[in-house]
Amino acid sequence: MHEFSIAMDIVDIATSTARKEAATVVKEIEIEIGQLSGVVMEALEFSLEAAMKGTILENARRNLIIVAGKARCTQCLSEYDTDTLFKPCPKCGTCAPDVIQGRELRVKSLIVE
Amino acid sequence: MCDSCGCGQPGKEPIILKPGEESHHHTHTHDHHDHDHDHSHEHDHGHSHERKLEIEQDVLGRNNLLAERNRGFFEAKNVLALNLVSSPGSGKTSLLERTIRDQGENLSFFIIEGDQQTMNDANRIREAGAPVVQVNTGEGCHLDADMVNKAVKKLEVEDGAILMIENVGNLVCPAMFDLGESSRVVIMSVTEGEDKPLKYPYMFRSSDLCIINKTDLLPYLDFDLEQARNYAQQVNPKLAFIELSVKTGEGMDSWYDWLRQTANPSQV
């Protein structure tokens with residue numbers, strides 16, 4: 001639901017970093033989005049398109065990397081893939097997962113000139 | 001676009017007021033997004049000077065940093081800060097009113113109210129007898145750490161007090177925004193359906209305590225309490241539960257015990 005404000009924050013982070021490094025154009029932006037972060041990809045794509053207009057990211061390539069969700073069973077400690085917050089452990093069946101990966105929402109890198 | 005939610009007018013700040021201040025407030029301080037429109041290009045070399053900048057910066061970082069500052073402030077003042085979240089109409093404000101009336105002699109309460117519009121909730125809290133500040137988010141759908149930071153300063157919270165922050169009624173967005181609270185309390189009522197936790201997992205996962213309110217209505221409903229607990233525990237195995245009725249008072253003692261224990265763990 002906040003994809004637009006997230007997009008604006010991404011543009012802010014990229015713009016201020018680029019400025020600090022005396023770059024004038026961003027050619028590519030790499031963003032990590034966890035499967036379990038709550039962000040809707042299509043909405044973020046759409047919002048980024050709008051938020052990047054008129055900024056030094058205007059024509060930048062967008063590289064959105066989805067980080068897979070991973071959980072660790074608090075019962076048997078085995079790790080397993082998951083795309084929800086409450087998938088039961090495939091090994092012991094307990095539904096008590098600790099999410100260890102997949103909640104990221106991070107600007108990973110820029111390619112600038 | 002509003003600062004936090006991407007809707008409405010640009011630069012519109014949330015309004016933070018004590019009851020009675022409505023007539024002479026005015027908004028200032030515009031915390032704009034500063035978009036860089038600098039297109040000064042350097043002379044063309046004919047080959048690119050492309051370089052990669054590794055950033056690794058968390059997007060919600062700014063709110064999280066402010067939240068940690070709030071957290072530090074609360075710890076220094078030995079204040080128990082609670083973030084009360086729920087859908088609209090579950091009984092958050094009524095719970096606060098009753099808690100203040102019943103326990104106001106024993107415990108020191110300070111309240112922050114969050115709504116899109118009106119001073120209604122803050123006025124109710126003032127009537128109940130606790131110091132309160134109302135945050136009106138305008139079109140915003142959740143409180144954030146910055147709003148809480150400003151509201152707390154206005155409230156002048158005392159050392160050792162219990163600060164209860166009643167978030168905007170919304171089971172979706174507040175889940176993403178750390179306010180710097182010590183604990184998050186999610187409130188659902190028996191009229192909402194057992195599968196609420198499954199439908200709004202982020203909120204239930206991020207909470208420490210789940211209050212199930214309006215138990216006085218159970219005879220008129222098909223609500224299965226145990227099923228509701230099971231669903232909630234699927235999403236968050238560590239979630240604690242208190243079932244109560246603000247209206248009749250049933251179960252309220254468990255809530256007061258939890259408050260006392262959480263505020264003063266050494267003095268149980």
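Some conventions come first. Residues are numbered from 1 along each chain as its sequence is written, chains are lettered from A and ligands numbered from 1 in the order in which they are written, and side-chain values use heavy atoms, with hydrogens and water left out. Because the model is predicted, local features need pLDDT of at least 70 and side-chain atom pairs count only at pLDDT 80 or more, whereas totals for chains, interfaces and linings use all residues.

I begin with chain B. This chain holds 8 helices and 9 strands; both are DSSP runs numbered from the N terminus, helices being H or I with at least four residues and strands E with at least two. Of its 268 residues, 49% count as buried, where buried means under 20% relative accessible area, exposed over 50% and partly exposed in between, with a 1.4 Å probe and protein chains only. Among contacts in chain B between residues at least 6 apart in sequence, 72% join residues at least 24 apart; contact means heavy atoms within 4.5 Å.

In chain B, 8 strands make an open sheet with mixed pairing, in the order 1-5-4-6-3-7-8-9. Two strands pair if DSSP finds at least two bridges between them. Strand 1 (15–17) and strand 9 (240–243) of chain B stand at the edges with a single partner strand each, so one side of each lacks a neighbour in the sheet. From one strand to the next, the twist averages 20°; axes here are lines fitted to C-alpha atoms, for helices over the stretch in contact, and angles run from 0 to 180 degrees between N-to-C directions. Within the sheet, strand 3 (residues 80–85) and strand 6 (residues 162–166) of chain B pair in the parallel sense over 5 bridges, and A81(B) stands opposite L163(B). Helix 8 (residues 252–263) of chain B lies across several strands, including strand 3, to which it runs at about 140°.

Chain A has an open sheet of 3 strands, in the order 4-3-5, with antiparallel pairing. Strand 4 (79–81) and strand 5 (97–101) of chain A are at the edges, each with a single partner strand, so one side of each is left without a neighbour in the sheet. Neighbouring strands of this sheet are turned by 35° against each other on average, direction ignored. Strand 3 (residues 70–73) and strand 4 of chain A pair over 3 bridges, with Y80(A) as the bridge partner of A71(A).

I turn now to the interface.

E21(A) forms a salt bridge with R51(B), with the closest N and O atoms 3.9 Å apart.

Two buried residues of chain A touch chain B. T17(A), in helix 1 (residues 3–20) of chain A, is buried at 15% relative accessibility; its contacts include L53(B) and I55(B). S37(A) lies in the loop between strand 1 (26–34) and helix 2 (41–52) of chain A and is buried at 11%. Among its contacts is Y202(B).

Finally, the salt bridges over all chains come to 25. R61(A) and E28(A) meet at 3.0 Å, N to O. R61(A) lies in strand 2 (residues 61–67) and E28(A) in strand 1 of chain A, so the pair ties together parts 33 residues apart in sequence. R61(A) is partly exposed at 44% relative accessibility, whereas E28(A) is buried at 19%. In chain B, E21(B) and K154(B) meet in a salt bridge at 3.2 Å, N to O, and they are 133 residues apart. A network of salt bridges links E32(A), R106(A), K108(A) and E56(B).

Notes:
Salt bridge = Lys/Arg side-chain N within 4 Å of Asp/Glu carboxyl O. Lists of a residue's contacts leave out its neighbours within four places in sequence.
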